[in-house]
Amino acid sequence: MDAVIPSEMAGAIESDRRAGARRRSRYSVRWQDGELPVLELTADGFVIEADRPPPLRGFTDIFLGDERVLHGLVMCTWAENGLVGYEFKRGSAANEVRPDHAPPTHSGLLTAR
């Protein structure tokens, strides 16, 4: 037997599910003007609610509590059912130094006589 849930009840269930995901989320995305909970974090990107943030574009930071764990260039890749997915175009761990930003190493320095 197939059960049909009224649309108002289905909307209330979905709203409650998202509120629970926000409360359980330990990750957050921060940018210049604000912070939002990350509902899902994957190796390629993250998902946040569509109705809350301004469109994110550019460099953002992902935090676990107060510790920055990721820093990357993000771009919106999809939006549906009240959620927005972002993909990392370039990302790195917060403690990782990218090769193009590594400080120069000096192998042979001349000494003064």
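**Briefing: strands, rings and turns in a predicted model**

Asn81 lies in the loop between S6 and S7, where S stands for a strand, and helices (H or I, at least four residues) and strands (E, at least two) are DSSP runs that are numbered from the N terminus. This is a predicted model, in which local features need pLDDT of at least 70 and side-chain atom pairs count only at pLDDT 80 or more, while totals for chains, interfaces and linings use all residues. Residues are numbered from 1 along each chain as its sequence is written, and side-chain values use heavy atoms, with hydrogens and water left out.

**The chain as a whole**

- The protein chain contains one helix and seven strands, and reading along the sequence gives the pattern α-β-β-β-β-β-β-β.
- Of the 113 residues in the protein chain, 27% count as buried, a word that stands for under 20% relative accessible area, whereas exposed stands for over 50% and partly exposed for values in between (1.4 Å probe, protein chains only).
- The accessible surface of the protein chain comes to about 8600 Å², and 51% of this surface belongs to carbon and sulfur atoms; accessible areas come from the Shrake-Rupley method with a 1.4 Å probe, and for residues only the protein chains shown count as cover.
- Among the contacts in the protein chain with a separation of 6 or more, 44% are made by residues 24 or more positions apart, where contact means heavy atoms within 4.5 Å.

**How the strands pair**

- Strand S1 (residues 27-31) and strand S2 (residues 34-37) pair in the antiparallel sense over four bridges, where two strands pair if DSSP finds at least two bridges between them.
- S1 and S2 form a hairpin with two residues between them, and the bridge partner of Ser28 in S2 is Pro37.
- S1 also pairs with S5 in the antiparallel sense, over four bridges, and Val29 has Ile62 as its bridge partner in S5.
- Strand S5 (residues 58-64) pairs with S6 in the antiparallel sense over seven bridges, and here Ile62 has Leu70 as its bridge partner in S6.

**Two positive phi values**

- Most residues other than glycine have a negative phi, and most peptide bonds are trans.
- Gly65 takes a positive phi near 70° in the hairpin of S5 and S6, which has two residues between the strands.
- Asn81 has a positive phi of about 55° although it is not a glycine, and Asn81 counts as exposed because its relative accessibility is 64%.

**Around Thr60 and His71**

- Thr60 is found in strand S5, and Thr60 counts as buried because its relative accessible area is 3%.
- Leaving aside its neighbours within four places in sequence, Thr60 is in contact with Val29, Arg30, Trp31, Leu70, His71, Gly72 and Val74.
- His71 has its place in strand S6 (residues 67-80), and His71 counts as partly exposed because its relative accessible area is 26%.
- The side chain of His71 makes a polar contact with the side chain of Asp61 at 2.5 Å; a polar contact is a pair of N or O atoms within 3.5 Å, of which, within protein, one must be able to donate a hydrogen and the other to accept it, and residues adjacent in sequence count only if both atoms are side-chain atoms.
- His71 and Phe59 are twelve residues apart along the chain, and their C-alpha atoms are separated by 7.1 Å.

**Aromatic rings**

- A search of the whole structure finds two aromatic pairs; rings of Phe, Tyr and Trp (its six-membered ring) pair if their centres lie within 6.5 Å, and planes under 30 degrees apart count as stacked, over 60 as edge-to-face and the rest as tilted.
- The rings of Phe46 and Tyr86 are stacked, because their centres are 5.3 Å apart and their planes lie at 20°.
- Phe46 lies in strand S4 (residues 45-49) and Tyr86 in strand S7 (residues 83-93), so this pair ties together parts that are 40 residues apart in sequence.
- The rings of Phe46 and Phe88 have their centres 5.8 Å apart and their planes at 50°, so this pair is tilted.
- Phe46 counts as buried because its relative accessible area is 2%, and Phe88 counts as buried because its relative accessibility is 16%.
- Ring pairs link Phe46, Tyr86 and Phe88 into a cluster.
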